[in-house]
Amino acid sequence: MAARAVFAKMNGLGNEIIVADMRGRADFVSAQAARALNADPATKFDQIMAIHDARTLGTAYFVDIFNSDGSKAQACGNGMRCVVQALAAETGEKVFTFETVAGIINTQEHADGLISVDLGKPRFGWQDIPLAEEFHDTRAIELQIGPIDAPVLHSPSVASMGNPHAIFWVDRDVWSYELDKFGPLLENHPIFPERANITIAQVVAPDHMIIRTWERGAGLTRACGSAACAAAVSGARTGRTHRKVRLTAPGGDITVEWREDDHVVLTGPAEWEFSGSFDPATGAWTREAESAA
């Protein structure tokens, strides 16, 4: 039987994260373990960030990412901030380079405690997102939900931040939409062969938007870092916002900058809640330490 692994229950702007320390091990977090942890109210999460030994020269660690339904995720900006905070507290280092299935990610913890994650370059080609059919202009694709003559949501911008995103632009309060009802239908729409993260976005100023996200494989979430990035770049790409924007999610505010070098940088907080140990095969776990907060 493999030894139990240490984990930290954290959150990034309310995005519930488990950071699992899998360094020095040959085993992996199983889908069964992910589902078991999510079924327990104490460890219910949006993503598991499993830290493994580096696979590529020049990187510190490889990070494997799981959704709460046990499926794999390619990217999670809020989760990466939690990983950085956990490792910075352990090592004293402030700058880390990670590898994920979506590519190389550079990160930094700042003196004020906020953490920046460079999620790389967005992709807008229909085959890169991916979509099931060709669209020459992904700033607005033909997709709607509701009556044909009066759709509730329509014409989303689509983009990849290492994972697929659809951004539906709305003029009224994002809370007036039944995202819990529409989210699952849109996530699993045939146009998205790898499913998609679904975000409703209201632009209130060129440097500020309000968003709510239905996260692929996780459902309604208080925050989704890669969705915030996708919304920010799509806002700038469609002329709705500047290239640096504050996004207000249910969990709070975060800043995204689409730099001139085409990289997208997400900056925000991370918070430790408690730590424990768990069986990566089954998800059975034990609490070890509580936050003083």
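Reader: Which residues touch the most other members of the largest nonpolar core?
Author: Met 49, Phe 98, Ile 211, Leu 247 and Val 256, out of 49 residues in that core. A nonpolar core here is a set of buried Ala, Val, Leu, Ile, Met, Phe, Trp, Tyr and Cys residues joined through side-chain atoms within 4.5 Å. Buried means under 20% relative accessible area, exposed over 50%, and partly exposed in between, with a 1.4 Å probe and protein chains only. Helix 4 (residues 225-237) gives the largest share of this core, seven residues.

Reader: Before we go on, what kind of model is this?
Author: A predicted model, where local features need pLDDT of at least 70, side-chain atom pairs count only at pLDDT 80 or more, and totals for chains, interfaces and linings use all residues. Residues are numbered from 1 along each chain as its sequence is written, and side-chain values use heavy atoms, with hydrogens and water left out.

Reader: OK. And what is Met 49 in contact with?
Author: Leaving aside neighbours within four places in sequence, the list for Met 49 includes Ile 17, Val 19, Ile 65, Cys 76 and Val 83. Contact means heavy atoms within 4.5 Å. There is also a second, separate core of 22 residues, with Phe 135, Leu 179, Phe 192 and Ala 196 among them.

Reader: Switching to rings: how many aromatic pairs are there?
Author: Seven. Rings of Phe, Tyr and Trp (its six-membered ring) pair if their centres lie within 6.5 Å; planes under 30 degrees apart count as stacked, over 60 as edge-to-face and the rest as tilted. One of the pairs is Phe 7 with Phe 278, edge-to-face at 5.9 Å centre to centre and 85° between the planes.

Reader: Which parts does that pair tie together?
Author: Phe 7 is in strand 1 (residues 5-12) and Phe 278 is in strand 19 (residues 271-278), so the pair ties together parts that are 271 residues apart in sequence. Helices (H or I, at least four residues) and strands (E, at least two) are DSSP runs, numbered from the N terminus. Both Phe 7 and Phe 278 are buried. Ring pairs also link Phe 7, Phe 274, Phe 278 and Trp 285 into a cluster.

Reader: How far apart are the ring centres of Phe 96 and Phe 98?
Author: They're 5.8 Å apart with the planes at 20°, so that pair is stacked. Phe 96 counts as buried at 5% relative accessibility, and Phe 98 is buried at 0%.

Reader: Which ring does the charged end of Arg 237 sit over?
Author: The ring of Phe 124, 4.0 Å from its centre. The charged end of Arg 243 sits over the ring of Trp 258, 4.2 Å from its centre. The rule is NZ of Lys or CZ of Arg within 6 Å of the ring centre and within 35 degrees of the ring normal.
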